[in-house]
Amino acid sequence: MTSVLGDQPPTESAVVVGDGLSTERRSARTVAYVMSRFPKLSETFVLYEMLAVEQLGCRVELFPLLREAEPISHPEARRLVERAHYEPFLSGAIVRSQLHFALRRPRAYFAALGRLMRGTLGSRNYFFGGLAIFPKVVHMARCMEALGVQHVHCHFASHPAAAGFVIHRLTGIPFTFTAHGTDLHRDQHMLRAKVADARRVVTISDYNRRLILRECGARYSDKVVVVRCGVDPCVFRPDDREPASRRAFSMLCVGRFEEVKGHRYLLEACRLLADEGIEFRCRFVGDGPTRHDVQRVASSLGLGGSVVMEGRRTRAEVVERLLAADVLVAPSVPTKTGSREGIPVVLMEAMSTALPVVASDLSGIPELVRHEQNGLLVPPGDPTALAAALRRLSQDRALRIRLGRAARQTILREYDLRRNVCVLAGMFAEQSA
């Protein structure tokens, strides 16, 4: 997308170029979203949150730090991609934006750069990553002023929240950020500065809220709020048709292939089930850096045709697989580097379809999955316990139905996307007023 600034500094009466955007669009509340990458197939919660915010009457401007080059994307993302503000790491326009702030607001410009460097010192990822994105973030700040952005919301407590911090320091535009999982758990460099400058800090779980307050201090207790992720219960809804009879117990695991997802523990649990003579089919949906390792483990365990790797799938395709499964499994584990999941959205999607779930008793997951009430929890990294839970569900259809129905009610009460986005949008309006 062409820069909204063109080649000349913007004025209040300037017509914004590139996509026909004009000052008339400022009549609606304008919220800028900053995220690490877009469109990312696995981050449906960002995509559908933005769409829901737009449905509430806000104008959403997208400022991804990087453009994700995945072969498959959700159809709903395409129109957002067309008008997203993708910027290179360096360009003539970016250089001009550095000069703009360095000459007109030198104290703010150099203070923001200095605070970013000091705050991330000691973290190779945050320090060098922060320096790399700083020029384009400065340009984004100038673009946001030209667009009349009234609020900035950042997804993830890592580089996106750092971007929000810089934009706020340069322009005064208030920002909020949502902390999810690994972005918060693995590295807390500069977290205190981000929390101090943010108007609100959104967490997806009470677990995350406690972590932030423990790290940053109880004085921020009024600022740090829990707003659950959510799903659309009209899209993820139960299939009222009588399920087709089948001999094999159908398990589904949806998620990016990386260590934190715990795929190998599910495979080990599958081997235990196979040794007991339980007939099953386990489908893995997703892609990622550990996919080939997982495939090798499956072969070495002799699971053969019982395990199917299906690759990337769109939301509609995931819905189809949820409706065809007997259980959704999320065997998350903490990693040696400190990564851990927040609350996997796929658990909410499965529960919304009244599909029973088995998940790890880890971080914020027990806030969604309540053991024996709306799902089953197992210790992370324990294939024996995981196999026992799956065996139990394979042998007890009444239990599957009871847990699935309770799961659906949990989503309707606490994890409805539209209801939770209303809370978030209200926060944008309140803090931007």
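How do the residues of the lining of the largest cavity divide into nonpolar, polar and charged? In this predicted model, they divide into eight nonpolar, five polar and two charged residues.

**The largest cavity**
- The volume of the largest cavity is about 120 Å³, and among the 15 residues that line the largest cavity, those closest to its centre are Glu49, Val227, Arg228, Cys229 and Leu424.
- At least two residues of this lining are supplied by each of helix 1 (44-55) and helix 17 (417-432), with helix 17 giving the largest share, namely four residues.

**The second largest cavity**
- With a volume of about 80 Å³, the second largest cavity is lined by Thr44, Phe45, Tyr48, Glu49, Gly230, Val231, Asp232, Phe236, Arg315, Val345, Glu349 and Leu417.
- Helix 1 and helix 13 (345-352) are the elements that give two or more residues to the lining of the second largest cavity, and the largest share, four residues, comes from helix 1.
- Sorted by class, the lining of the second largest cavity has six nonpolar, two polar and four charged residues.

**Threonine 353**
- Threonine 353 lies in the loop between helix 13 and strand 11 (357-360), and because its relative accessible area is 6%, threonine 353 counts as buried, the cut-off being under 20%.
- A polar atom of the side chain of threonine 353 lies 2.6 Å from the backbone oxygen of alanine 350.

**Nonpolar cores**
- The largest nonpolar core has 59 residues, and those with the most contacts inside it are Tyr33, Phe38, Met50, Leu328, Leu347, Leu368 and Val369; the largest share of this core, eight residues, comes from helix 1.
- Phenylalanine 38, again leaving aside neighbours within four places in sequence, is in contact with Leu47, Met50, Leu62, Pro64, Leu66, Arg67, Glu68, Ala77, Leu80, Val81 and Tyr86.
- A second, separate core of 45 residues includes Met140, Val152, Val166 and Phe175.

Key
Residues numbered from 1 in each chain as written. Predicted model: local features only at pLDDT ≥ 70, side-chain atom pairs only at ≥ 80, totals over all residues. Heavy atoms only, no water. 1 Å grid on protein atoms, 1.4 Å probe; cavity = no way out; pocket = protein on both sides within 12 Å on 5 of 7 lines; lining within 4 Å. Points joined across faces, edges and corners; volume = space filled by probe spheres on them. Nonpolar A, V, L, I, M, F, W, Y, C, P; charged D, E, K, R; others polar. Buried < 20%, exposed > 50% of the residue type's maximum accessible area, 1.4 Å probe, protein only. Polar contact = N/O pair within 3.5 Å; in protein donor to acceptor, adjacent residues only side chain to side chain. Core = buried A, V, L, I, M, F, W, Y, C linked by side-chain atoms within 4.5 Å. Contact = heavy atoms within 4.5 Å.
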